[in-house]
Amino acid sequence: SLNATTLPWMDLDLAWRRSVAAGLAVEHIVAQGKHHDISEGLLFAALMHSAGRAVLGTHYPRRYSRMVEQCVATGEPLVNREKLVFPESHAEVMSRLLNDWQIPTEYFEPLKYILDDYESLSRLSEPMRTRVEIIKVGILIAYIAVAQWQAWDLIELPPNAVLERLRLSSVKSILEGTESALPGLCSFCNEAAPNPADCDHVMRMSY
């Protein structure tokens, strides 16, 4: 139902590819780290990780257009601008909306925390901490695999201790597995696989 008219500032195809790639990456993480016992709902949450931004964007189109213009001009991450404008993050909004739709809790609850930094996540009880970390790492791998960046992206690299906790012996193999699915994913939407050489956007990294 979304199109360039309702969300002119949002690259809907990129958001779709990132979401599906995040789902693929999460499945690889679950398999490699043997997290099958806590995997219920993780794929869905990964797919929906940025949907709240579309929800807010359709309700506040002019405000989002102004925020995006500011971020492009200054290089400020959009998530930082959103924190100044809205009382809840787009991830929290999506989590609350899914709750209102009576989606099972395990499918949406991790979304409330995916924008928190890893230090904050360390204060969550298990298995929520591990579930959210799996999604966050999956989203990062998805963004790298899609290899198309926007000026307002903010990337948070997981500490080595997190990768060890998740029992990920080879992030490279997870990335390669996610990348291998992208040509078919892109052909489904009638587009060629993204070429990293064509990406002229800025990737902002947070350590």
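**Close-up views of the predicted model**

View 1. Helix α4 (residues 61-74) has 14 residues and spans 20 Å from first to last C-alpha, close to the 20 Å expected at 1.5 Å a residue. The expected span is 1.5 Å times one less than the number of residues. Helices (H or I, at least four residues) and strands (E, at least two) are DSSP runs, numbered from the N terminus. This is a predicted model, in which local features need pLDDT of at least 70, side-chain atom pairs count only at pLDDT 80 or more, and totals for chains, interfaces and linings use all residues. Residues are numbered from 1 along each chain as its sequence is written, and side-chain values use heavy atoms, without hydrogens or water.

Y64, M67, V68 and C71 of α4 are buried. They lie on the same side of α4 because they cover an arc of only 100° around the axis, taken from the directions from the helix axis to the C-beta atoms. On the other side, R62, E69, A73 and T74 are exposed. Buried means under 20% relative accessible area, exposed over 50%, and partly exposed in between (1.4 Å probe, protein chains only).

**View 2. Surroundings of α4.** The buried residues of α4 pack against α3 (51-59) and α5 (78-85). Contact means heavy atoms within 4.5 Å. Just after α4, G75 takes a positive phi of about 80°.

**View 3. The largest nonpolar core.** This core has 39 residues, of which I29, I114, I134, V137 and L168 touch the most other members. A nonpolar core is a set of buried Ala, Val, Leu, Ile, Met, Phe, Trp, Tyr and Cys residues joined through side-chain atoms within 4.5 Å. Helices that each supply at least two residues include α1 (12-33), α6 (90-100) and α11 (171-188). Helix α9 gives the most, with 12 residues.

**View 4. V137 and the second core.** V137 touches I29, Y118, P158, V162, L163, L166 and L168, not counting residues up to four places away in sequence. A second, separate core of 14 residues includes A54, L56, C71 and V93.

View 5. The peptide bond from E126 to P127 is cis, with omega near 5°. P127 lies in the loop between α8 and α9. A147, in the loop between α9 and β1 (154-156), has a positive phi near 60°. A147 is buried, at 12% relative accessible area. R167 also has a positive phi, near 60°, and is found in the loop between α10 and α11. R167 counts as partly exposed, at 46% relative accessibility.
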